[in-house]
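Trainee: I have a new structure open and would like to learn how to read it. Could you take me through it feature by feature?

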Amino acid sequence: MFEKLSFLEEQFEELAKKISDPEVIADQETWRKLCKEHSDLTPIVEKYREYKKNMETIEDANALMDDPDTDKEFKEMLVDESKTAKANIEKIEEELKILLLPKDPNDDKNVMVEIRGGAGGDEAALFAGDLFRMYSMYADSKKWKIEVLNISEIGIGGIKEVTFMINGEGAYSRLKFESGVHRVQRVPETESSGRIHTSTVTVAVLPEVDDVEVEINPDDLEIDTYRSSGAGGQHINKTESAIRITHKPTGIVVTCQDERSQHKNREAAMKMLRSRLYDKMEQERSAAIAADRKSQVGTGDRSERIRTYNFPQGRMTDHRIGLTLYRLEQIMNGDLDEIIDALITTDQSEKLKSQAEGNICLLYTSDAADD
């Protein structure tokens, strides 16, 4: 691990020189690429340097303690310094292992979120609206920007489905584990007997995809225009600004009617299509590699029930990691960090475990070859 860290530190220094070179700065595309690489290495190198500083503290303390001229009181102080440095090193080593885990290339991307009411009729649509509000409030707390691409509402304030972009640094890294079936248990306002109903809503979180990442043949697209429906005044019924795009090879259909401009709706619909096609490719790739599935915290299966929101008990349970919190009101108001942090920690632990098992297998194979 430390040979790799030493190599990364050398790379970091080389990148620092390059991004300060006027010739490189003149080529903005190359400069931005190198700045991104430098930025990605910064937390690893800083932590490695912290490790080396603590190692130097221990070495200096040992050298002084071996010096016969060092008095007893100073030696006691050196022992304390050495103990503190050793404790720091243990912690730093664990942090470095996590920092060196292969990074999800999508983590820094913006996300497209799709929320659809499932089983439960109007109650499912109402809860879909609640989840949309929850994620909107969470995005607001992170200073992320939300852009609604498509929404289909019902008269009582619920949402059949909504697709929206969240633009912000690290949005995908924080929200990628939200994909799956969210179950709600509560008493609907229309239920006079007080009976608890169970409804479901499906959430899909997809990374925003650039044109170069997914090639789309224009001949594979069927594009229709139609009049927008829903709230919006007289304009809604008079202008065919809504866009429906069908990707014929896969059968994927996307619609966008939230913008008044047909051009903007088409641009948004293409953005949605690219993300869905990219997601389909990733799903197929993940399904083909069973080992990768074991290191994921339910990021792939859209039919997986991931969470239950029980309103009578004020309880939220995430079934993937066995986490139960009794502060549902705060969660529905966008306070999701405790849940998301727990999911990320579990995912990192699983990857570290998988990596350790892989190293043991390599060691065993190498020993067998030597024999």
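Mentor: Gladly. Let us begin with a hairpin: β7 and β8 form one, with four residues between them. Keep in mind that this is a predicted model.

Trainee: Which residue in the turn has a positive phi?

Mentor: That is G251, with a phi of about 80 degrees.

Trainee: How many bridges join β7 to β8, and how do the two strands run?

Mentor: Five bridges join strand β7 (residues 242-247) to β8, and the two run antiparallel. You can follow the pairing residue by residue: H247 stands opposite I252 in β8, and I243 has C256 of β8 as its bridge partner.

Trainee: What should I know about side chains when I look at a strand?

Mentor: In a regular strand, side chains alternate between the two faces of the sheet. Now try a sheet of eight strands, also open, in the order β2-β3-β1-β5-β4-β9-β10-β11. Its pairing is mixed.

Trainee: Which strands stand at the edges of that sheet, and why is one side of each left without a neighbour?

Mentor: β2 (145-153) and β11 stand there, and each has a single partner strand, so one side of each has no neighbour in the sheet. The twist in this sheet averages 15 degrees from one strand to the next.

Trainee: How many bridges join β2 to β3?

Mentor: Eight bridges join them, and the two strands run antiparallel. As an example of the pairing, N150 stands opposite T163 in β3.

Trainee: Where is K143, and what is its phi?

Mentor: K143 is in the loop between α5 and β2. Its phi is positive, about 65 degrees, although K143 is not a glycine.

Trainee: Is K143 buried or exposed?

Mentor: The cut-off for exposed is over 50% relative accessible area. K143 has 75% relative accessibility, so it counts as exposed.

Trainee: What does I115 touch?

Mentor: Leaving out residues up to four places away in sequence, the contacts of I115 include A128, L131, F132 and Y135, as well as V162, F164 and V201.

Trainee: How are α3 and α4 placed relative to each other?

Mentor: For helix pairs, read the angle and then the distance between the axes. Helix α3 (residues 28-66) and helix α4 (residues 72-99) pack at about 155 degrees, with their axes 8 Å apart. Angles over 145 degrees count as roughly antiparallel, and α3 and α4 are therefore roughly antiparallel to each other. Their crossing is left-handed.

Trainee: At what angle do α1 and α3 pack?

Mentor: Helix α1 (residues 2-18) and α3 pack at about 130 degrees, with their axes 9 Å apart, and are therefore oblique to each other. This crossing is left-handed. Among the residues making the contact are F2, L5 and L8 of α1 and L34, L41 and Y48 of α3.

Trainee: How many helices and strands does the chain have?

Mentor: It has 11 helices and 11 strands. Of its 371 residues, 40% count as buried. Finally, among contacts with a separation of 6 or more, 62% come from residues 24 or more positions apart.

Key. Residues numbered from 1 in each chain as written. Predicted model: local features only at pLDDT ≥ 70, side-chain atom pairs only at ≥ 80, totals over all residues. Heavy atoms only, no water. Contact = heavy atoms within 4.5 Å. Pairing = 2+ DSSP bridges. Axes fitted to C-alpha atoms, helices over the stretch in contact; angles between N-to-C directions. Parallel < 35°, antiparallel > 145°, perpendicular 65-115°, else oblique. Left-handed = near helix turned anticlockwise from the far one by under 90°. Buried < 20%, exposed > 50% of the residue type's maximum accessible area, 1.4 Å probe, protein only.
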